[in-house]
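Please look over the chain shown below, and then work through the questions that follow.

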Amino acid sequence: MEEDVVKVVEQQIEQIEKTLERMRNNSFAICEICGTHISLDDILVDPLLTRCKDHLNS
Ligand SMILES: [Zn+2]
């Protein structure tokens, strides 16, 4: 059980590091599939989003 928690936290930290890297590369809040800006509303709900609504499930 505790190992699962550690894994989940590790994945979240990894996502945060990727997001920070995207901020440095000026690609934060830009869909990795189509290059569209992700809406501010969505980013505020989940700052770790890497895809727009159209590509969230693809
Ligand atoms: Zn997209």
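Q: How many helices and how many strands are there in the chain?
A: Helices (H or I, at least four residues) and strands (E, at least two) are DSSP runs, numbered from the N terminus. This is a predicted model, in which local features need pLDDT of at least 70 and side-chain atom pairs count only at pLDDT 80 or more, while totals for chains, interfaces and linings use all residues. Residues are numbered from 1 along each chain as its sequence is written. Counted in this way, the chain has two helices and zero strands.

Q: What distance separates the end C-alpha atoms of H1?
A: The expected span of a helix is 1.5 Å times one less than its number of residues. For the 23 residues of H1 this gives 33 Å, and the computed distance agrees, since the end C-alpha atoms are 33 Å apart.

Q: How many of the 23 residues of H1 are buried?
A: A residue is buried if 20 or more other C-beta atoms lie within 10 Å of its own, exposed if 12 or fewer, and partly exposed in between, with C-beta atoms placed from the backbone. H1 lies largely in the open, because the number of its residues that are buried is zero.

Q: Is Asn26 buried or exposed?
A: Asn26 lies in the loop between helix H1 (2-24) and helix H2 (40-45), and its phi is positive, near 60°. Most residues other than glycine have a negative phi. Because Asn26 has 8 C-beta neighbours inside 10 Å, it counts as exposed.

Q: Which value does the phi of Ala29 take?
A: Ala29 also lies in the loop between H1 and H2, where it is partly exposed, with 19 other C-beta atoms within 10 Å. Although Ala29 is not a glycine, its phi is positive, at about 65°.

Q: How far apart in space are Thr50 and Lys7, C-alpha to C-alpha?
A: Thr50 is in the segment after H2, and it counts as partly exposed because it has 19 C-beta neighbours inside 10 Å. Thr50 and Lys7 are 43 residues apart in sequence, and their C-alpha atoms are apart in space by 20 Å.
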